[in-house]
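Try each task before you read its solution.

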Amino acid sequence: MFITKAFAAGSTDHSAEAGSGVFPPFDSSMFASQVFWLAISFGLFLWFMSKVIVPRIGGILEMRQDRIAQDLDKARELSAEAAASTAAYEQEIVDAKARAQQISQKARDKANGEAAAARKTIEDELAKKLSDAEARISTIRVKAMTEVGSIAEDTATEIFARLLRRQNNKSRSGESCICCR
């Protein structure tokens, strides 16, 4: 069905000429020519592989190896730079902390100094006001003590004068005085 009449007719003619029904690669009469062409083909293939394919593959492998080596070198270099940058960054942090500590200590000392000076000023002012107040009190006390005698004298005179007036008013009215009763 799938074989055409021309092919079928040709194959019958060919088999009649050869006279044997053996598959041509397995025909022993053709081994010598097949081995010869196999050796030539293998030699050409081997020469083509050694001169074209293997150098190209070797070049590609060498180029990849060089690229990998360069990448590893660059990675080591970048790693060293990163380590140096990290160390520098950490040192800057330590330095910044030390500067901040110094600044805060200076500010604390300055604030303590200002507070002490303000406290001293206020204490001096309070001491001055206290001494002024004590001086006024002692002045008032001395003045009061000096005036106590005159006030007592004036008060006693006033009381005595009132009593006399009362007694005079009572004796005129006929009443007896308090001291006579």
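What follows is a set of exercises, each with a worked solution.

A word on the ground rules: this is a predicted model, where local features need pLDDT of at least 70, side-chain atom pairs count only at pLDDT 80 or more, and totals for chains, interfaces and linings use all residues. Numbering runs from 1 along each chain as its sequence is written, and side-chain values use heavy atoms, with hydrogens and water left out.

**Exercise 1. The overall picture**

Work out how many helices and strands the chain has, and what share of its residues is buried.

Solution. Start with the DSSP runs: a helix is H or I over at least four residues, a strand is E over at least two, and numbering goes from the N terminus. That gives two helices and zero strands. Helix α2 covers residues 31-173. Next comes burial, using a 1.4 Å probe and protein chains only: buried is under 20% relative accessible area, exposed is over 50%, and partly exposed is in between. Of the 181 residues, 1% are buried. Finally, take the surface by the Shrake-Rupley method with a 1.4 Å probe, where for residues only the protein chains shown count as cover. The chain exposes about 16,200 Å², and carbon and sulfur atoms supply 64% of that.

**Exercise 2. The aromatic pairs**

Find the aromatic pairs in the whole structure and classify the geometry of Phe23 with Phe26 and of Phe36 with Trp37.

Solution. First, the criteria: rings of Phe, Tyr and Trp (its six-membered ring) pair if their centres lie within 6.5 Å; planes under 30 degrees apart are stacked, over 60 edge-to-face, and the rest tilted. The search turns up two pairs. Phe23 and Phe26 sit 5.6 Å centre to centre with 55° between the planes, which is a tilted pair. Both Phe23 and Phe26 are exposed. For Phe36 and Trp37, the centres are 5.3 Å apart and the planes are at 70°, so this pair is edge-to-face.

**Exercise 3. A greasy patch**

Which residues make the nonpolar surface patch of about 430 Å²?

Solution. Take residues with over 30% relative accessible area and no salt bridge, then join nonpolar side chains (Val, Leu, Ile, Met, Phe, Trp, Tyr) within 5 Å; like charges would be joined within 9 Å. The patch consists of Phe36, Trp37, Ile40 and Leu44.

**Exercise 4. The salt bridges**

Count the salt bridges, then look at the one between Asp73 and Arg76, the one between Lys120 and Asp124, and the one between Arg165 and Glu158.

Solution. The test is a side-chain nitrogen of Lys or Arg within 4 Å of a carboxyl oxygen of Asp or Glu. By that rule you get four.

- Asp73 and Arg76 meet at 3.0 Å, N to O. They are three residues apart in helix α2, so about one helical turn separates them. Asp73 is partly exposed at 46%, and Arg76 is exposed at 53%.
- Lys120 and Asp124 meet at 3.6 Å, N to O. Both lie in helix α2, four residues apart, about one turn. Lys120 is partly exposed at 48%, and so is Asp124 at 41%.
- Arg165 and Glu158 meet at 3.9 Å, N to O. Arg165 is partly exposed at 48%, and Glu158 is partly exposed at 38%. Shared partners join Glu158, Arg162 and Arg165 into one salt-bridge network.
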